[in-house]
Amino acid sequence: MKVVLLQDVKALGKKGDVVEVSEGYARNFLLGKKYAVEATTANLNTLKLQKANADRIAAEQLAEAQETADKLSKVTATVAIKAGENGKTFGSVSSREIAQELEKQGIIIDKKKIVLPEAIKEFGEYDIKVKLHKEVAASVKVNVVEE
């Protein structure tokens with residue numbers, strides 16, 4: 001019996017695959033637990049439409065990420081932190097502060113997408129990597145100045 005998998009099934013296939021299984025396995029396990037549906041013409045057409053829609057959404061997200069990457073390459077985020085004697089900093093600059101500065105400039109980025117190998121604890125200019133999409137990464141300049 002041919003079935004269309006609705007979710008990943010170990011040792012059988014991934015979501016959206018059309019697989020041939022025994023009728024008992026299909027009826028008792030896959031269809032019973034809603035892991036699959038029978039591979040009828042209507043179900044195959046539905047699967048085809050869902051894949052097309054998912055591809056379109058993925059393309060839109062990729063285009064949006066590339067547009068944001070272009071914007072990020074043109075801006076510099078300036079973060080001011082307090083300093084003590086001899087130019088030592090109090091605290092550090094984290095991804096949250098960088099995200100807030102970028103938001104003030106009109107670029108909204110989740111702080112989890114900003115990749116900091118370690119917190120910034122010195123004044124100066126840094127190139128920080130931002131992972132916008134699995135295929136798109138950008139670099140933003142961060143200038144740390146004394147408050």
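This is a predicted model: local features need pLDDT of at least 70, side-chain atom pairs count only at pLDDT 80 or more; totals for chains, interfaces and linings use all residues.
View 1. Glu101 is buried, because its relative accessible area of 19% falls under the 20% limit. Both residues belong to helix 3, where three residues, about one turn of the helix, separate them.

**View 2. The salt bridge between Lys141 and Asp127.** The side chains of these two residues come to 3.4 Å, N to O. Lys141 lies in strand 7 and Asp127 in strand 6, so the contact ties together parts that are 14 residues apart in sequence. Lys141 is partly exposed at 35% relative accessible area, whereas Asp127 is exposed at 54%.

**View 3. Glu67 and Lys71 in helix 2.** The closest N and O atoms of this salt bridge are 4.0 Å apart. The two residues are four positions apart in helix 2, about one helical turn. Glu67 has a relative accessibility of 48% and counts as partly exposed; Lys71, at 42%, also counts as partly exposed.

View 4. Four strands make up an open sheet of mixed pairing, in the order 4-7-6-5. Strand 4 runs parallel to strand 7 (residues 137-146), and six bridges link the two. Val79 stands opposite Val144 of strand 7. Helix 3 (residues 95-104) packs on the sheet and touches strand 4, strand 5, strand 6 and strand 7; its direction makes about 125° with that of strand 4. Helix 2 (residues 41-73) lies across strand 6 (124-131) and strand 7, at about 30° to strand 7.

View 5. A search of the whole structure finds two aromatic pairs. The ring centres of Tyr25 and Phe29 are 5.4 Å apart and the planes make an angle of 20°, so this pair is stacked. Both residues lie in helix 1 (residues 23-30), four residues apart, about one turn of the helix. Tyr25 is partly exposed at 33% relative accessibility, and Phe29 is partly exposed at 29%. Phe29 also pairs with Tyr35 in an edge-to-face arrangement, with 5.3 Å between centres and 70° between planes. Tyr35 is partly exposed, at 23% relative accessible area. Tyr25, Phe29 and Tyr35 together form one aromatic cluster.

Note on methods:
Residues are numbered from 1 along each chain as its sequence is written. Side-chain values use heavy atoms; hydrogens and water are left out. Rings of Phe, Tyr and Trp (its six-membered ring) pair if their centres lie within 6.5 Å; planes under 30 degrees apart count as stacked, over 60 as edge-to-face and the rest as tilted. Buried means under 20% relative accessible area, exposed over 50%, partly exposed in between (1.4 Å probe, protein chains only). Two strands pair if DSSP finds at least two bridges between them. Contact means heavy atoms within 4.5 Å. Axes are lines fitted to C-alpha atoms, for helices over the stretch in contact, and angles run from 0 to 180 degrees between N-to-C directions.
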